[in-house]
Amino acid sequence: MMYIKLASFLTILPSLVGGVPTTGPHVKRAGCAQCEDVAHGFASLNGGTYGGKGGQIVTVTTYADLKKYAGATEPYIIRVSGTIVAEPKGYEVPIKSFKTIIGVGQTGHLLGGGFNINSQRNIIIRNLEISDTYDPTDYNGKGADWDGIQVDNGTNIWIDHVKLARMRDGLIDLRKDTDYVTVSSCLLSEHNKAFGIGWTPNVISKMTINDNFFNSTNQRGPSADNLKYCHMYNNYMLNVTSYGNYARGETELLVETSYYERVNDPVVAGPKASIKSNWLKFKDCTGDIHLDVDSHKVFKASKFYSYELKDPYDLPTTIPPFVGPRPEIGI
Ligand SMILES: *[C@@H]1O[C@H](CO)[C@@H](O)[C@H](O)[C@H]1NC(C)=O
Ligand SMILES: *[C@@H]1O[C@H](CO)[C@@H](O)[C@H](O)[C@H]1NC(C)=O
Ligand SMILES: *[C@@H]1O[C@H](CO)[C@@H](O)[C@H](O)[C@H]1NC(C)=O
């Protein structure tokens, strides 16, 4: 609550000092200008994903405060300032419905732990770094289920401009019918099992995965099991040793305008999955590429929302500088 007062004090300040008007973009900057942004893609359906919009804005610098506000029953916009170290290592902070967790500037960092969302809805995680629960004696992450962001049965989730690296199990694990999700402008790097979706016999989940950079991962870019609709576009994958986009179970995968560089098995389908691809660029890739697997079955994303495709040849220069925390989002 203290921080709300501080923010409104700051908005008054310019008018006291320099006669700057109290409205307009200058003033908005002091008031968390991007904190009420809403999701695009599948997360924009089903009523939309707006997180803690309309709730109180708090800034947290300690693990205790992060846990307290993330787990509150009321909506909150939680600004994370600086590095917060998880204790105990690997613990996943539970997030309850109607929260936006957003880093301040490029400083927001949860170190040595992650987040967990279980049977909750309408949550935004943005402009943050989450890293370093990796245990070098446990490359396969079998010893502890320490993920960066783990979601079970979550609805309307937006993960945007998050930088994830070196976790013990998965960077992002979206499980058990988690639905209406958008993962955009994230960096997933230096990791074995990057991004897993599934752990369900049902085929209902709908996800948009766009403008992400997968760099130096081994597998799961993503592993997408039993998704009703999986829409991927404008993604750049670099130096991936085991496999890239893997449609498993009965997943319908629409994959568009993406760039794959030094990726083994860049786009592959399991026996019951289908893939429709649109303008993919491959450079120095190895293994299998499945461009058309029962593509007549695959959904049309434009029936659900509008979106902008980029020229895949540009992605190695246009994607890496804009993934993860950005000063213009953390203002
Ligand atoms: C899924 O989450 C919703 C709340 O968003 C809850 O009502 C429902 O019981 C949960 N289902 C399961 C199987 O846990
Ligand atoms: C990709 O990751 C490697 C290993 O971490 C790093 O050395 C390299 O700079 C990264 N590339 C880009 C374009 O960020
Ligand atoms: C490629 O990724 C692996 C990890 O999967 C890493 O050890 C290696 O340094 C990366 N190579 C480059 C050139 O970034």
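How far apart do the end C-alpha atoms of residues 53-266 lie? Okay, hi everyone, let's start there. The answer is 38 Å, and that span is 4% helix and 57% strand. Helices here are DSSP runs of H or I with at least four residues, strands are E runs of at least two, and both are numbered from the N terminus.

Before I go on: this is a predicted model, where local features need pLDDT of at least 70, side-chain atom pairs count only at pLDDT 80 or more, and totals for chains, interfaces and linings use all residues. Residues are numbered from 1 along each chain as its sequence is written, chains are lettered from A and ligands numbered from 1 in the order written, and side-chain values use heavy atoms, without hydrogens and water.

So what does UniProt place at residues 53-266? An unreviewed entry puts the feature "domain: Pectate lyase" there. Careful, though: feature names are shortened, positions follow the numbering used here, and annotations may be inferred rather than shown by experiment.

Now, the cysteines. Searching the whole structure turns up 1 disulfide, meaning a pair of cysteine sulfur atoms within 2.5 Å. The partners are cysteine 32 and cysteine 35, with sulfurs 1.6 Å apart. The torsion about their S-S bond is about -60°, so this disulfide is left-handed.

Cysteine 186 is in no disulfide, and the nearest cysteine sulfur, on cysteine 230, is 14 Å away. Cysteine 186 counts as buried because its relative accessibility is 0%.

Conventions
Buried < 20%, exposed > 50% of the residue type's maximum accessible area, 1.4 Å probe, protein only.
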